[in-house]
Amino acid sequence: MTTNQIRVRVAEVETVAAQIRRLKLVPIGMSGLPDFSGGAHTILSIPDGERTLRNPYSLMSSPYDTSSYEVSVLKAAESRGGSAFIHDKIREGLPITISAPVNLFPVDRRARRHILIAGGIGITPFMSIMRQLEHDDVPFELHYGMRSQERGAYWRQLRETYGHRVHIYFEDQGQTIPLKTLLDGQPLGTHVYVCGPSTMIDWVLNGARDAGWPAENVHYERFSAPPPGTSFTVELARSGKTVPVGPHQSMLEALEAAGIDAPYLCRGGACGQCETRIVSCAGAIQHNDHYLSDAEKAAGDKIMICVSRVDGSTVTLDL
Amino acid sequence: MGLMFKDETYRGDFTFANSPAAIRHFPFPFHEDKYMYAVNIEPHVPGRKGTAYEFPIDIDEHYLADMRDRAITLAEDPLRCQSLPHMLAAEWDLVELLMTSMARDYPEHFSLTRDGDQWHWINRPMKIEDKFTFGNVATLPLRPMEYITRQCQGDFCLLDQRDGDLWMDAGIVTSQADWSLDFDIGMSFKEWHAPVPMAHEIGIFDRALKFLLAMQIGHPVRRLNWTMTINPRLDTAPETYPKWGIDRTTVTPENVGDKVHLRVELQALWRLPRSNAIVFSIRGYLLKMRELVTIPKWSRRMHRVLKTLPPEIAAYKGLSRYQQTTIDWLSKYDDGQPTSLGFFPD
Ligand SMILES: Cc1cc2nc3c(=O)[nH]c(=O)nc-3n(C[C@H](O)[C@H](O)[C@H](O)COP(=O)(O)OP(=O)(O)OC[C@H]3O[C@@H](n4cnc5c(N)ncnc54)[C@H](O)[C@@H]3O)c2cc1C
Ligand code: FES
């Protein structure tokens, strides 16, 4: 286990929008939870019978109140467990464990102005980020798009708290984020951040590139989950072990289920911690991460075991 | 605990010396009889009592002398303490880390009382007492990093994490072995490590960077680095080379024991919680050869390490000129007996 575990209790469960639930987590046996910075996430480990579900969720509560943490979870359309469990089975009072916070989506503190673009559940990291920017008295604006009033979380509350700095767009009313206008003519030292569906992230990244934004002023976080595939076998070259991977299991999950600790931080193909060397591979590698470069992916000697998999019979890893 | 702070100097008459307890407290850096460059990172967890590893922030008998020497260096060259404007949150994180550690581990010398953001800090050895509002710069006499690091041994750099790299955007550096904050400020990890020979080829730094970027709150790490210094001088920065460079030519077979010092840096890294920055602390220790040979295992090992040191490393560490003289002097203390593995005295 690479992340240290903190025991918490689910103190509140609230449905805040269609398919979105907010959980409030309070520490067990400690007076407070670790401090964190806006944009950080934690990994929830939820016991479900034989297996443990582990998913990353952004911390949406204030970084200045660590007596509890809050996360919001969208029920995935075809959940393999994590988000469905949170929606269907989690009750107030349940003890679970979480990892210490990790921030892969921090704000750039040099920026003079921050433009935040959220789509749907992608609002969560911005909830803590806005608290921080408000605290530090730095100018920002939020552009938050959602399917409809019913499916969007927190938009009323955000409008109340942050007033004219919050811009809301309802897709079913034909409203769209005016990306081009937003990106054009921003003062020097402006940074843009996007979190939401992959298509939206790509739209913003491409838009910013075309508008001549320097890459270091553009930031994003993808909520990627490991996509399913077909079953295959992982062979571990060093320990000689063989571990089967199911169609809806990631290699990391399969290793953990077999009692093998492999390093991870984000479980979303972003941080690089789970990078593993491939010794040999009978099949095609499906790289699903956002960490390796295209050249590294093509070389085929490394794989991010939290999200990537193999379409074939066997892969041998340097583990 | 009975720490007696000594009145001594790191310049001029160089009265710095270690007590027998301070010698055993020294973080001897060689765990075997030869030296190989390695990054060797380990968790910075509390270690053996009476050693430099006992507490995360180590205060020792040289505390007041160190702080006095830092004040002199800063008065001569204010650029040894710099912080870019966006590092303020990290500066406050550092205040919290240092004050809470010092007050917890040395309660007879330091005390911290917190009532929300109203903090009350007492530093008895330095006779400092301040009440301030955490997060409000106007309530402290100096910027937060400078305020607290003028009261804590060791150099400190604050690294901002952006774009998959670490940027040295703040620091106070007054006891560095030949490196310059003014030169490195604003640089990225790869840029400031460029001068180390051979390391790039083996990809050490790529791996180290990845490791650092993933550092987690509550899991500090440490490593040791070493070099040698002539005369017990804390300030051997490039800026003052004309003052100390010449020292290297003054070593004779007669004065090795007093002049030649093993200089060890205990480098520790912490993830700072609110700023997401990393603090890199470089705590330097000096040990005279005469003091080192009071520990038989260390004298044998030091002799063997110097004898087998690859010339390019000796040159990089700037000790080629007096390496042989020191080896000859140490040879009298090496009876050829085997040594036990590990750092600590037998
Ligand atoms: C850094 C980070 C922060 C995050 N923050 C948040 C947050 O704040 N809130 C939030 O709601 N989410 C967040 N996520 C996403 C979250 O971690 C989970 O990925 C998400 O909740 C889905 O989990 P799940 O186990 O229910 O779904 P999974 O089972 O992982 O399903 C995800 C996808 O896998 C596919 N799939 C799974 N099973 C099948 C099947 N049987 N047939 C076909 N397709 C299938 C589908 O495409 C499905 O949509 C974050 C992710 C990352 C990396
Ligand atoms: S755990 Fe972060 S990339 Fe796999």
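Q: Quick one to start: is α11(B) mostly covered or mostly uncovered?
A: Mostly covered, since 10 of the 12 residues of α11(B) are buried. Buried means under 20% relative accessible area, exposed is over 50%, and partly exposed is in between, with a 1.4 Å probe and protein chains only. Bear in mind that this is a predicted model, where local features need pLDDT of at least 70, side-chain atom pairs count only at pLDDT 80 or more, and totals for chains, interfaces and linings use all residues. Residues are numbered from 1 along each chain as its sequence is written, chains are lettered from A and ligands numbered from 1 in the order in which they are written, and side-chain values use heavy atoms, leaving out hydrogens and water.

Q: Which residues of α11(B) are the buried ones?
A: They include B:W298, B:M302, B:V305 and B:L306. B:K297, B:R300, B:R301 and B:R304 are also among them.

Q: And what span should helix α11 of chain B have?
A: Helix α11 covers residues 296-307, and at 1.5 Å a residue its 12 residues should span 16 Å. The end C-alpha atoms are 17 Å apart, which agrees. The expected span is 1.5 Å times one less than the number of residues. Helices here are DSSP runs (H or I, at least four residues), strands are E runs of at least two, and both are numbered from the N terminus.

Q: Switching to the ligand: which residues come nearest to ligand 1?
A: A:P56, A:Y57, A:S79, A:R80 and A:S83 do, out of 25 residues around ligand 1. A residue is near if one of its heavy atoms lies within 4 Å.

Q: What does A:S83 do there, in terms of distance to an oxygen atom of ligand 1?
A: A polar side-chain atom of A:S83 lies 2.3 Å from a ligand oxygen. A backbone N or O atom of A:L74 is 2.8 Å from an oxygen of ligand 1. On the nitrogen side, a side-chain N or O atom of A:H248 is 3.2 Å from a nitrogen of ligand 1. A polar contact is a pair of N or O atoms within 3.5 Å; within protein, one must be able to donate a hydrogen and the other to accept it, and residues adjacent in sequence count only if both atoms are side-chain atoms.

Q: How much of ligand 1 does the protein bury?
A: The protein buries 82% of the 960 Å² that ligand 1 exposes when taken alone. Those areas use the Shrake-Rupley method with a 1.4 Å probe, and for residues only the protein chains shown count as cover.

Q: Which elements give two or more residues to that shell?
A: In chain A, β4 (51-58), β5 (69-74) and α1 (82-88) do. The largest share, four residues, comes from β4(A). Domain 1 (6-98) and domain 2 (113-221) of chain A each supply at least three residues, with bounds from an automatic or database domain assignment.

Q: Now backbone angles: what is phi of A:Y154?
A: About 70 degrees, a positive phi although A:Y154 is not a glycine. Most residues other than glycine have a negative phi. A:Y154 sits in the loop between β8 (140-146) and α3 (155-162) of chain A, and is buried because its relative accessible area is 10%.

Q: And B:N276, where is that one found?
A: In the loop between β9 (260-271) and β10 (278-288) of chain B. Phi of B:N276 is near 60 degrees, again positive in a residue other than glycine. B:N276 has 8% relative accessibility, so it counts as buried.

Q: Last one: how many residues apart along the chain are B:D33 and B:T339?
A: They are 306 residues apart along the chain, with their C-alpha atoms separated by 7.7 Å. B:D33 lies in the loop between α1 (20-25) and β1 (42-43) of chain B, and at 24% relative accessibility it counts as partly exposed.
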